[in-house]
Amino acid sequence: MTSPTGISVQARQGAVRPEPATARVATSLGLVSLRLGAERAMVAMLAVVTASLVVLSLPAFAAGHPTGMAPLPVVSLCLAGAMVTALPLALLRRGRPARAGLWVPVAAFVGLLVLEPFALHDPLPTGSTPWLVGLSLTAFSCTAVAEASPARAAVICAGLNAALACVFAEQSPASHSVVRVIALALLAAGLIAGVRIVRVRADRADAAEHDAQRLFENHQRQVATEAERVHTDGLLHDTVLAALLAAAGNQAPEQATSMSRSALELVSDLGDHPDPQPATVRFGQVLSCRQPELDLFHERVEVDLEDARTVRLPPNVAEALVSATLQALSNSVEHAGPSARRTAAATRLDDGGLSITIADDGAGFDIAEITEERLGVRVSILEHTRLAGASATIDSSPGRGTTVSLEWHPTDQAAPSNRRPGEALLNLIPRRHLSRVLGTVIVVAVLIANVEAFLVTHAYASVLASILGLTLLPALLRGARRGTVSNRVAWGTTVISCLLCCIATIGLDPATFDALSISRYTCGVLAGAVMGWMAGRRGLPMVAVAVLLAQITLWAGPAAIIRLGLAGEIVIVIAGLLMHHTLRRVTAAAQVAADQHRELTIRQAELDAFHLERQRRLRHASQAAAPMLHHIVLVRGRLDAHHRSECRVLEQALRDEIRGRHLLNDAVRSVVSAHRRRGSLVQILDDGGLDGLAPDTLDALLDDVVEHLEPVRSSRIVIRSGHPESGTAVTIVASTPDETAAALGIDADDEVDLWVTIPHPASVTAGSTSRASAA
């Protein structure tokens, strides 16, 4: 239903809410699994690394295999190709684990081990490394990722390592074979431990995110329901209850008729879905929708709200401010006194917000004595305004008038998430620990180089290079830990790194070095480059690596880049950086999914609250009050005594729905209505002590309340729930005033006819349990 100003009734009823189809998506949207994303990231990294290792192994393969045995080398190359192609194919099924495809490279590697003894030269060329050593990294990595059990993965890797050692036992010196077996065993252990750490961190991040999401959903559901309840309370109070009271008073029939029409419009609009609304509206548009109600105060209030008409704000905030303004004016007219001067003024604030002040110089009141029965103050002004995102303050004292101040300031509604999904996954190895590991690598490389220079090679240029490396180490450590270095430090470390590369191999014979013996030099330089990368520099570490490649090429020839293992080391470093980058992408995707999930959770909670709270309450109000409201409109507000009395009973019954939520069922409503029709004053107050009770338990409790109420004939009855921390569920007090004392003007206590306390079911259960334990 749309008003002449173009704002629908739903816009006046609440905040922007989604279409139901969109909201239903929230219940089926799942968060991105960081465990699955991390495993697929590792497989993607393996696909790149395996292709690089196969290419790097081709020279060693060609040197170690005779051309006369064509079929066997071809089969070996086909198996190596299967290792390369299986990994990308394993990633084709999005959203699924890639473990099944990881066993293909392992099986292909086993096939290569079986074929290799029949295709090898005897012995291998001096200083060469078996070409399957590089591919063993792929087999170990695939096993570590595909096998969920670290123990079983370790057994498989140990078997592959032993088979590899047996295949090349007679082609390499015994010392090289032993060192290679130990190195590969340590590498396999590191891969298995690393994969295990990734999975544990990913599982923890997934569990933490799911727990956070579940808590968020529960909290949002409570917030949305509470906001909808308070908003509906305010709507019912400001329309239906106000119309019934105006009609019962029979003093302003025209006003009662107009208010009854508005109330009928509200309770008759029971659409299944809230209409989507614009993000903001002008304050003047919403004010115009309520202009007839505002015009009722023009003769008794000086109204100046023009300055704020152009302010744009969310529809629910605008409606809350207008409703609170009208309620404050109504309270002033009713309680401030006939001679009080009343004003209502609005001001546009510098930040785009607005301020509304409603003031009078009338009777005033003590704010500390505001009771829960004062729904106009508690619900329509304070709670309604606060939950809409604005603020309300009331300044009053007896004899000094009342000032109600309403304010709204524009704020960023998109609150940042309080946690990042996968943050622990990104920090698999804390920056400080990683910098220590890399620093240790550099220190070990320096020590080995110095021992070798003094005891073996007597090439003291490597000692100078070691000293240069030690001078770089403090700056690299600080930068890696902090994540940043100055331009001067970055350029200085790069220049010294390049100088170190130029002098490190002076006086050394490349023919006497293999991949293992030269690794102390290449690994030290690459460790420094990684630390520079950790310090936020990208280009300058690449310069140092390029100089290292050029120096090795000039020193030992282009083939030495592969023969000495530098290419493989660079591939491993690139793989680590690629893994980190991929994990960042997985984490970013998880963050996007979590944000979308939260957004749709909010929308779903609001839609649920719309159906479960507002529509249920409006439907009940329609069933109870619509016939009377139609009658008020039909007779133009001129009611007879019977209908005025019925208006009071209906108003009190609807007020019960606001104040006594969990204290009502059909039986309680019926007995309370019967007491009111015979003239009793009945108050129902729910203090929250029944929240969380199961429906069956609550119904049984309310049936007990009905049994106590039915025989009562007192003129005043109070039904109140206990406080949550008390052991009392419901207290019923029935009293009758001393009419003789009242007629004589003498203060006298009421005669208490009934005082019943019904214990809370939880306290009864706890008491029974404790008694059973004592027995």
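Strand S7 has a covered face, formed by Thr402, Val404, Leu406 and Trp408, and an uncovered face, formed by Thr403, Ser405 and Glu407. The model is predicted, so that local features need pLDDT of at least 70 and side-chain atom pairs count only at pLDDT 80 or more, while totals for chains, interfaces and linings use all residues. Residues are numbered from 1 along each chain as its sequence is written, and side-chain values use heavy atoms, with hydrogens and water left out.

**Exercise 1.** Determine the strand order of the open sheet and identify its edge strands.

*Solution.* 
1. Strands (E, at least two residues) and helices (H or I, at least four) are DSSP runs, numbered from the N terminus; two strands pair if DSSP finds at least two bridges between them.
2. The five strands follow the order S2-S4-S5-S7-S6, with mixed pairing.
3. S2 (302-304) and S6 (391-396) are at the edges; each has a single partner strand, so one side of each lacks a neighbour in the sheet.
4. On average, neighbouring strands are turned by 10 degrees against each other, direction ignored.

**Exercise 2.** Describe the pairing of S7 with S5 and with S6.

*Solution.* 
1. S5 (residues 354-360) and S7 (residues 402-408) run antiparallel and are joined by seven bridges.
2. Within this pair, serine 355 has glutamate 407 as its bridge partner, and aspartate 360 stands opposite threonine 402.
3. S6 and S7 are also antiparallel, over six bridges; here threonine 393 is partnered by serine 405.
4. The hairpin of S6 and S7 has five residues between the strands, and its glycine 399 takes a positive phi near 80 degrees.

**Exercise 3.** Locate helix H12 relative to the sheet.

*Solution.* 
1. H12 (residues 315-335) lies across S4 (342-348), S5 and S7.
2. Its direction is at about 10 degrees to S5; axes are lines fitted to C-alpha atoms, for helices over the stretch in contact, and angles run from 0 to 180 degrees between N-to-C directions.

**Exercise 4.** Characterise the packing of H22 against H23.

*Solution.* 
1. H22 (residues 641-659) and H23 (residues 666-677) pack at about 145 degrees, with axes 10 Å apart.
2. The contact (heavy atoms within 4.5 Å) involves Glu646, Val649, Gln652, Ala653, Asp656 and Glu657 of H22, and Arg669, Val672, Ser673, Arg676 and Arg677 of H23.

**Exercise 5.** State the confidence of the chain.

*Solution.* 
1. pLDDT, the predictor's confidence in each residue from 0 to 100, averages 78 over the protein chain, and 84% of the residues score at least 70.
2. Over residues 412-418 pLDDT stays under 50.

Technical notes:
Buried means under 20% relative accessible area, exposed over 50%, partly exposed in between (1.4 Å probe, protein chains only).
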